Amino acid sequence: MRIKSAHFVISNTEVAKCPQSTLPEYAFIGRSNVGKSSLINALCNKKSLAKTSSRPGKTQLINHFLINENWYLVDLPGYGYARVSKSDKKVFQHYITSYFLKRKQLISAFLLIDIRHEPQPIDLKFMQWLGEQQIPFAIIFTKADKLKPKALEKNIETYCEKLREQWEALPPQFITSAQNKSGIDAVLAYIDTLNKSVQNHFKD
Ligand code: GTP
Ligand code: MG
C-alpha cells in the first residue's frame, strides 16, 4: 500500500472528542521515546507530521492523522517515563486506558518495543492488559538500525522467549527502523490487509 495523503486532524485529551467517524484506526503505544511518532512519520513518508523529540514525553495528547482519506493512525503519549510527575503520569494513563477501552474504531494497537533493551515489565504488563481487554495488538520492534544484525537477532529471540512464558501464540511482529525505513513496507502491508478485512466484514 502506498500512502498518498496524510493529514493531522485533531489532538485531544478526551476520547469522546476524537473524530466521530467509523473509519478504521490503528494506535501506536509504548514507552516514551520508543519511537512512536517517528514511526508514524516514516510510515507516511513525512518528516514532521507527528512531533518527535530526543527528550521523552514529547507526545502528550491523543493525535489523529487521516490517511488516504479512509483510515486513521493515532499517536499516543508514551508510558513509563520516570521524569513525568506522578500526577501527569496518572492523567496520561487515564487517556490511554479510556482510549483503548472506548474507541470502537480501533482495529489493532501497535505496541512499540525498543529492541536494544531487555524485556521490560511495564511493556509485558501492558500487553497482558490488552489481552485481558481483548484488544488486538501487534508488536513493532523499533530502532533496529542501532544494532548489528547478530545482536538484533539475539535480542528478538530473547524477547520472543520471554513472550512465550506469557502467551501461547505470539502476536504478529515487525522489526523496524524509522531511520533507515526497514520494516516500514511490512507494517503498511499488514494495515492494508486489516483494512481490507474490515471492509469485507461490513460488506457481508
Ligand atoms: P514520546 O512522544 O515522548 O512518547 O516518544 P516517541 O515514542 O513518540 O518517540 P519519538 O518518535 O519522539 O523518538 C524519540 C527519539 O528516538 C528521537 O530522538 C528519534 O529520532 C529517535 N528514534 C526514533 N525512531 C528511531 C529509529 O528507528 N532509529 C533511530 N536511530 N532513532 C530513532
Ligand atoms: Mg511521540
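Which residue has a backbone N or O atom 3.4 Å from an oxygen atom of ligand 1? That residue is G78. The model is predicted, so local features need pLDDT of at least 70 and side-chain atom pairs pLDDT 80 or more, while totals for chains, interfaces and linings use all residues. Residues are numbered from 1 along each chain as its sequence is written, chains are lettered from A and ligands numbered from 1 in the order written, and side-chain values use heavy atoms, without hydrogens and water.

Two further backbone contacts reach ligand 1. A polar backbone atom of A178 lies 2.7 Å from a ligand oxygen. For S53 the corresponding distance is 3.1 Å. Polar contacts are pairs of N or O atoms within 3.5 Å. Alone, ligand 1 exposes 650 Å², of which the protein buries 88% (Shrake-Rupley method, 1.4 Å probe).

The shell around ligand 1 holds 22 residues; S38, G57, T59, D145 and A178 come nearest (a heavy atom within 4 Å). Three of the shell residues are nonpolar, 13 polar and six charged. Gly counts as polar, and Asp, Glu, Lys and Arg count as charged.

Aromatic pairs number 13 (ring centres within 6.5 Å; planes under 30 degrees apart are stacked, over 60 edge-to-face, the rest tilted). Y26 and F110 form a tilted pair, with centres 6.3 Å apart and 40 degrees between the planes. This pair links distant parts of the chain. Y26 belongs to strand 2 (residues 25–30) and F110 to strand 5 (residues 106–114), 84 residues apart. Strands are DSSP runs (E, at least two residues), numbered from the N terminus.

Conventions
Polar contact = N/O pair within 3.5 Å; in protein donor to acceptor, adjacent residues only side chain to side chain. Phe/Tyr/Trp six-rings, centres within 6.5 Å; stacked < 30°, edge-to-face > 60°. Helix = DSSP H or I, 4+ residues; strand = E, 2+ residues; numbered from the N terminus.
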